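Subject: The model you asked about

Hello,

Here is the structure, with my notes below it. Please have it open while you read.

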Amino acid sequence: MDLYEHQARQLFDAHGIVVPRAEVTDSPTEARAMARGLGGRVVVKAQVRTGGRGKAGGVRFAADPAAAELTARRILGMNIDGHQVRTVMLAQPVAVESEFYVSYVLDRTAGTFLAIASAEGGTDIEEVAAAHPEAVARVPVDPAEGVTSAKAREIADAAGLPPQTVDVLVRLWQVLVREDALLVEVNPLVRTEEGRIVALDGKVTLDDNARFRHARWGDLDAEPEDTLEAKAAAKGLTYVKLDGEVGVIGNGAGLVMSTLDVVAGCGARPANFLDIGGGASARVMADGLSVILSDPDVRSVLVNVFGGITACDAVAEGIVTALDTVRLTRPLVVRLDGNNAARGRAVLDARAHPLIEQATTMDGAARRAARLATTA
């Protein structure tokens, strides 16, 4: 579960990491009153679960309460990388001397955590990492040992951070461990002109598997920002809206991720991530197709299924039955492999829908779906 910035900042504050005073609202009129209470001059920040807000115009300074109201009115309702802005955060501005980047992230491949830090933080950290990788320190962290003061000093020294950041590095690790997070990030972590170390922005991803240990997570878990994601969530589907034109349905997160990569390699962009999991009943397929076909950006749909516990003929029957309740308006390319694949293909052949095509390989299916999408 990804948190909004203001939620991440609440966790930082609870663990002793300094953050500027801030308030959240969905009302421009209320933004004026909040700005007055925060001293007049504020930073108005869009609250969306994605990066690039500043470059998209979702982070702006307001010189006084009236300007805060006008700025909030302009930002609310914006679409930033597919995420609609429903709330804004007003924060007290800080006189910044230096900006840094620090984060802890789970390294699944190595079976450990990784501290990533740089003395060149800010909105261009991705460009810094690409152009000057030596400016970004990557220090493995043993989960059993954690980040002690000595380990924090090692991280700070490797990244060229000032000694005052050591305490923040320790506390940030405490956020990760005590809150069962998979990622904690501060960008930028700044040194103010007064010499204080302050977290100006934050990103936290919590591990959903630890939900049973955190009753208060219910207060953090907001409705999906995207309307299609909300529709999918209501149907119990694992769906993420992307910015492409090829709708993707698969069974299993690994297969779906591989399918996204293959589609991209064929010169098209995936429009979504949709995992039907181990069950592919008619209802599941109908729900999945309904969600994907509701996306006006989708020009073709790719169903990529490897039959295991769920046999391919059951998937095919689900697709055929789904066509009775879902009007297929765009080409559908189906690749079935594994358990009862031949039977599944026969079921689709018998249906003989003019918009359904079949392919025997994932590469072939992806190429066809990409071609249909880019020539539609």
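Is strand β8 (residues 112–118) largely enclosed by the rest of the structure or exposed, and why? Seven of its seven residues are buried, so β8 is largely enclosed. Buried here means under 20% relative accessible area, exposed over 50%, and partly exposed in between, with a 1.4 Å probe and protein chains only. Strands (E, at least two residues) and helices (H or I, at least four) are DSSP runs, numbered from the N terminus.

Before going on, a word on the source: this is a predicted model, where local features need pLDDT of at least 70, side-chain atom pairs count only at pLDDT 80 or more, and totals for chains, interfaces and linings use all residues. Residues are numbered from 1 along each chain as its sequence is written, and side-chain values use heavy atoms, with hydrogens and water left out.

**Around β8**

Strands pair if DSSP finds at least two bridges between them. β8 runs antiparallel to strand β7 (residues 96–107), joined by seven bridges, and L106 has F113 of β8 as its bridge partner. Four residues separate the two strands in this hairpin, where G111 takes a positive phi near 70°. Six bridges join β8 to strand β9 (residues 136–141), again antiparallel, and A115 stands opposite V139 in β9.

V139 also touches K151, as do P140, V141 and G146, leaving aside residues up to four places away in sequence; contact means heavy atoms within 4.5 Å. K151 lies in helix α5 (residues 149–159) and counts as buried because its relative accessibility is 18%.

**The six-stranded sheet**

Another part to look at is an open sheet of six strands, in the order β13-β15-β14-β16-β17-β18, with mixed pairing. β13 (238–241) and β18 (356–359) stand at the edges with a single partner strand each, so one side of each has no neighbour in the sheet. From one strand to the next, the twist averages 15°. Angles run from 0 to 180 degrees between N-to-C directions, using axes fitted to C-alpha atoms, for helices over the stretch in contact.

Strand β17 (residues 332–338) pairs with β18 in the parallel sense over four bridges, and V334 stands opposite Q358 in β18. Helix α9 (residues 253–265) packs on the sheet, touching β14, β15, β16 and β17, and its direction makes about 150° with that of β15. Helix α13 (residues 362–375) lies across β14, β16, β17 and β18, running at about 170° to β16.

Best wishes
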